[in-house]
Amino acid sequence: MKFQQIRYLYLVILALIWGSSFILIKRGLIGLSPLQVAPLRIIFAAVFLICIGFKNLPLIPFSQWKYIALTALLGTFVPAFLFAIAQTEIDSSVSSILNSLTPVNTLLIGSLAFGYQFKRAQILGVIGGLLGTAVLIFNGLLNHPEQNYYYAILLVIATLCYATNVNLINKYLTNLSPLTISVGNFIVLLLPAVILLFLTGFLQQVHEVETQTSVFFIMILGVFGTGIANIIFFKIIQISNPVFATSVTYLIPIVAFFWGILDKEVLTFFQIIGACIIFLGVYLSSKK
């Protein structure tokens with residue numbers, strides 16, 4: 001298979017996995033709190049990755065562990081909590097659309113912190129992304145008073161974390177394999193996640209059927225939506241570039257919207273307009 005075909009194949013697989021993550025978070029929140037969903041997701045992913053890639057840890061030079069820890073924090077730990085908390089108030093399909101800001105923010109962070117240069121079309125893309133976000137959020141405030149759309153700010157912060165993570169990997173960790181980076185990330189996160197889960201009182205409720213069902217969904221999320229997806233994502237970064245890798249967010253909302261429809265979620269006309277403006281902004285910001 002040609003190089004171009006391989007990277008697009010990876011992109012489609014990643015979109016299917018990550019596009020399904022939002023509905024899995026929603027299902028997990030039925031029997032678990034957000035502060036339980038996030039560490040459980042990390043623990044399941046960590047166990048899976050350590051089992052298949054523990055031997056890769058010695059390949060990480062001591063000087064690069066600071067970047068491993070930083071990418072673990074920004075690429076997994078903080079966003080896991082932000083998305084879980086935000087989805088207590090916001091539909092999974094809307095969360096996936098706001099996640100599409102990641103390429104726009106990747107360009108912003110890359111330009112401001114890593115010296116990448118803007119082009120005129122990309123500036124328009126950034127403006128479009130921000131405008132579409134505003135339309136999506138304010139229309140949600142008006143048409144879904146039962147939901148607190150201010151929680152959408154948490155999702156915007158999460159995309160900034162993802163964007164910084166992508167740029168850090170592209171600049172400092174390209175010499176390491178995707179599996180090595182992933183295992184290193186989750187070795188760093190495993191102990192904090194276990195401690196946090198223990199502090200939430202999880203052991204006192206684990207016998208409940210509703211909790212066990214939610215844990216099952218989070219296990220799928222951790223292994224596939226975090227563990228396997230991270231490996232694929234880092235691979236895409238290494239065989240292409242950060243903006244192409246984050247363009248997976250074009251496809252994620254399509255998958256998430258499909259799951260949302262099955263779960264009886266509804267987007268208003270103006271929210272769809274806002275989503276289209278965001279996608280246009282992502283397209284412009286991704287132009288070379």
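## A term and an overview

Two residues are in contact when heavy atoms of theirs lie within 4.5 Å. In this sense, serine 214 touches Arg27, Gly28, Ile30, Gly31 and Leu32, residues up to four places away in sequence not being counted.

The model is predicted. Its secondary structure comes to 14 helices and zero strands. The protein has 288 residues, and 55% of them are buried. Of the contacts in the protein with a separation of 6 or more, 90% are between residues 24 or more positions apart.

## Salt bridges at aspartate 263

A search of the whole structure finds two salt bridges. In one of them, lysine 26 pairs with aspartate 263, and the closest N and O atoms are 2.6 Å apart. Lysine 26 belongs to helix α2 (residues 21-31), while aspartate 263 sits in the loop between α13 (252-262) and α14 (269-285), so this pair ties together parts that are 237 residues apart in sequence. Lysine 26 counts as partly exposed, because its relative accessibility is 23%.

Arginine 27 and aspartate 263 also meet in a salt bridge through their side chains, with an N to O distance of 2.6 Å. Since arginine 27 is in helix α2 and aspartate 263 in the loop between α13 and α14, the pair ties together parts that are 236 residues apart in sequence. Through shared partners, the salt bridges join Lys26, Arg27 and Asp263 into one network. Arginine 27 has a relative accessibility of 28% and therefore counts as partly exposed. In general terms, side chains of opposite charge can pair when their charged atoms come close.

## Serine 214 in helix α11

Serine 214 is placed in helix α11 (residues 209-239). With a relative accessible area of 2%, serine 214 is buried, the limit for this class being under 20%. Arg27, which takes part in a salt bridge with aspartate 263, is among the residues that serine 214 touches.

## Helix α4 against helix α8

Helix α4 (residues 65-86) packs on helix α8 (residues 152-172) at an angle of about 160°, and the two axes are 9 Å apart. Angles over 145 degrees count as roughly antiparallel, and α4 and α8 are therefore roughly antiparallel to each other. Their crossing is left-handed.

On the α4 side, the residues that make this contact include Tyr67, Leu70, Leu74, Val78 and Leu82. On the α8 side, they include Leu155, Ile157, Cys161, Leu168 and Tyr172. Sorted by class, the contact of α4 with α8 has 18 nonpolar, four polar and no charged residues.

## Helix α4 against helix α9

Helix α4 also meets helix α9 (residues 178-199); the axes come within 8 Å and cross at roughly 55°. This angle makes α4 oblique to α9. The crossing of α4 and α9 is right-handed.

Among the contributors from α4 are Trp65, Ile68, Ala72, Thr76 and Phe77, and among those from α9 are Ile181, Asn185, Phe186, Leu189 and Leu196. The contact of α4 with α9 has 12 nonpolar, four polar and no charged residues.

Threonine 76 is one of the residues in helix α4. Its relative accessibility of 8% means that threonine 76 counts as buried. Apart from neighbours within four places in sequence, threonine 76 is in contact with Ile42, Thr71, Phe186, Leu189, Thr226 and Asn230. Phe186 and Leu189 belong to α9 and take part in the contact with α4.

## Phenylalanine 257 in helix α13

Helix α13 contains phenylalanine 257. Is phenylalanine 257 buried or partly exposed? Phenylalanine 257 is partly exposed, since its relative accessible area is 32%.

Phenylalanine 257 and serine 93 are 164 residues apart along the chain, yet their C-alpha atoms are separated by 5.0 Å. When neighbours within four places in sequence are left aside, the contacts of phenylalanine 257 are with Ser93 and Leu267.

Notes
Residues numbered from 1 in each chain as written. Predicted model: local features only at pLDDT ≥ 70, side-chain atom pairs only at ≥ 80, totals over all residues. Heavy atoms only, no water. Salt bridge = Lys/Arg side-chain N within 4 Å of Asp/Glu carboxyl O. Helix = DSSP H or I, 4+ residues; strand = E, 2+ residues; numbered from the N terminus. Buried < 20%, exposed > 50% of the residue type's maximum accessible area, 1.4 Å probe, protein only. Axes fitted to C-alpha atoms, helices over the stretch in contact; angles between N-to-C directions. Parallel < 35°, antiparallel > 145°, perpendicular 65-115°, else oblique. Left-handed = near helix turned anticlockwise from the far one by under 90°. Nonpolar A, V, L, I, M, F, W, Y, C, P; charged D, E, K, R; others polar.
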